[in-house]
Each structure stands twice: as C-alpha cells, then as structure tokens.
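This report describes one protein model for a reader who has not seen it before. The sequence and the structure come first, and the description follows.

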Amino acid sequence: SIAKLADYGFTYINTEFLKIDFSLSSNSSGTYKAWEIMRNIANGLFVVAFMILIYSQLTGRAGSYSIKRLLPRLIICAILVNLSYFLCAILVEASNIVGDSLLEALKGTAASIGKSVLPVGVSPGAWQDGTLTTITAEIMSKTGYAWVLLAPTAAVVISVATICAAGLVLLIMRKVIIAMLILASPILFVAYLLPNTERFFVQGSRLFIQLLLLYPIVALLLGAG
C-alpha cells in the first residue's frame with residue numbers, strides 16, 4: 001500500500017510538474033504578450049547600447065567596446081532578441097520530448113523483462129486497482145498485528161509525504177523560474193552584447209538549461225528505478 005501511494009505521488013509529480021506545457025503556437029497566451037513587452041524594452045535598450053558604442057569610438061575610450069568586436073554581436077543579438085520566445089519554446093519542447101522518450105523507453109524495457117509492479121508514469125490514477133483497500137482490509141482484520149505495524153507504517157508514510165511535498169515546492173519554483181527566464185530572455189540577449197554585462201546572459205542561459213534538464217534526469221531515474 002505504501003509503495004502504491006509513493007508511486008501515485010511520483011506519477012502525479014511527473015505528469016503535472018516535470019513536463020512543462022508550452023507550445024510554439026501559443027502566440028495568444030499571456031506569456032507571449034508579456035514577452036512582447038519585454039522584447040520592446042530590449043529593442044529600446046539596443047539604442048542605448050548603440051549610443052554607448054558610438055560614444056566610446058568618438059572619445060577614443062573604446063577598450064573592450066571595439067566596433068569590430070561588437071558589430072557582429074549587435075547583428076546577432078538584434079535577431080535573437082526578436083526570436084528569443086521561439087528559441088525558448090523549442091528548448092522546452094526538446095526537454096519534454098527527451099524526458100517522455102526516456103521514460104517510455106525504460107518502461108518498455110521493464111515490461112519486456114517481467115510484469116510491472118509499479119505503474120510509474122502511466123496515469124495519476126494508476127494506483128487505484130484495489131490493492132490499497134484489499135491489503136488494508138486484510139491487515140485491519142487481524143487486529144493483533146495492526147497495532148504493531150502502525151508505527152513503522154506511519155513513519156514511512158510521513159517520509160513519503162515529506163519527500164513529495166518538498167519535491168512539489170521545488171518543481172513549482174522551477175516552473176516559475178523558467179517562465180521568468182523566458183520573459184527576461186530579450187533582456188539577457190541585450191546583456192550579451194556588452195562585455196561588462198555578458199555574465200548575466202551566461203548565468204541566465206546556464207540556469208535555464210539546467211532547469212530544463214531536470215525532467216530528462218528525473219525521467220531517467222524513475223524509469224531505471
């Protein structure tokens with residue numbers, strides 16, 4: 001019964017939180033409209049960055065702001081800022097595809113080895129097959145043993161509940177941060193333009209990739225388990 005409950009918890013987390021519902025065709029969504037605002041701000045910042053570049057050339061204080069060095073970046077960033085939403089969407093979809101493929105492949109491998117005991121990733125209601133009620137009824141009918149098992153059972157159930165609750169909080173934060181990085185992606189591409197702000201682009205893109213890799217990694221662990 002505890003194994004079935006744990007499986008239900010992990011399956012719910014997998015279907016509801018690890019896979020990010022994000023579509024390339026969602027141009028009418030609130031996320032896309034918010035991104036458009038950030039894109040317009042980023043395009044305005046390009047003007048500021050270009051003025052800094054021109055000023056540094058006129059005053060002879062170019063240094064790391066050399067026109068030959070920054071002009072290719074300026075052209076690339078101008079393109080990527082206006083495509084950042086779709087680039088992020090492609091990466092999110094790639095994370096979903098890789099995670100789903102790993103889980104399905106490992107589930108298929110497990111099914112070919114022998115009968116599956118835990119229906120990981122099948123559906124959130126896969127545990128409702130009568131096992132809980134049957135085992136619980138059998139244990140409670142033997143009242144002499146039920147009290148002996150109560151303490152260790154409660155300890156395990158509390159541990160499973162704590163792990164699932166902590167996982168839910170972290171995964172909710174993950175989805176929020178991914179959404180924030182998608183909205184901030186135009187600004188991050190502008191930050192890539194100037195050498196002094198390039199580190200913000202590197203840190204933001206690294207965090208975005210790491211958060212997306214979480215789904216394939218967890219799918220691999222669940223499927224292998």
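What volume does the largest cavity have? The volume of the largest cavity is about 30 Å³. A cavity here is a set of points, on a 1 Å grid over the protein atoms alone, where a 1.4 Å probe fits but cannot get out. Grid points are joined across faces, edges and corners, and the volume is the space filled by probe spheres set on the points. The count is one cavity of 30 Å³ or more.

The model is predicted: local features need pLDDT of at least 70 and side-chain atom pairs count only at pLDDT 80 or more, while totals for chains, interfaces and linings use all residues. Residues are numbered from 1 along each chain as its sequence is written, and side-chain values use heavy atoms, with hydrogens and water left out.

**Overall make-up**

The protein has six helices and zero strands, in the order α-α-α-α-α-α along the sequence. Helices (H or I, at least four residues) and strands (E, at least two) are DSSP runs, numbered from the N terminus. Of the 225 residues, 31% count as buried; buried means under 20% relative accessible area, exposed over 50% and partly exposed in between, with a 1.4 Å probe and protein chains only. Among contacts (heavy atoms within 4.5 Å) with a separation of 6 or more, 84% join residues 24 or more positions apart.

**The cavity lining**

Ala-49, Phe-50, Leu-53, Leu-70, Leu-74, Leu-193 and Leu-194 line the largest cavity, where a lining residue has an atom within 4 Å of a point. Helix 2 and helix 3 are the elements that give two or more residues to this lining. The largest share, three residues, comes from helix 2. The lining has seven nonpolar residues, no polar and no charged ones; Ala, Val, Leu, Ile, Met, Phe, Trp, Tyr, Cys and Pro count as nonpolar, Asp, Glu, Lys and Arg as charged, and the others, Gly among them, as polar.

The buried residues of helix 2 are Tyr-32, Trp-35, Arg-39, Ala-42, Phe-46, Ala-49, Leu-53 and Ser-56. An α-helix has 3.6 residues a turn, so residues three or four places apart point the same way.

Rings of Phe, Tyr and Trp (its six-membered ring) pair if their centres lie within 6.5 Å; planes under 30 degrees apart count as stacked, over 60 as edge-to-face and the rest as tilted. By this rule there are eight aromatic pairs. In one of them, Tyr-32 and Tyr-85 have ring centres 4.9 Å apart and planes at 80°, so this pair is edge-to-face. Tyr-32 belongs to helix 2 (residues 30-58) and Tyr-85 to helix 3 (residues 67-113), so the pair ties together parts 53 residues apart in sequence. Tyr-32 and Tyr-85 are both buried. One aromatic cluster is formed by Tyr-32, Trp-35, Tyr-85 and Phe-86.

**Two single residues**

Leu-45 lies in helix 2 and Asn-96 in helix 3. The table leaves aside neighbours within four places in sequence.

| Residue | Relative accessible area | State | In contact with |
|---|---|---|---|
| Leu-45 | 34% | partly exposed | Ile-187 and Val-190 |

The C-alpha atoms of Leu-45 and Pro-186 are separated by 10.0 Å, although these residues are 141 residues apart along the chain.

Terms used. On a 1 Å grid over the protein atoms alone, a cavity is a set of points where a 1.4 Å probe fits but cannot get out, and a pocket is an open set with protein on both sides within 12 Å along at least five of seven lines; lining residues have an atom within 4 Å of a point.
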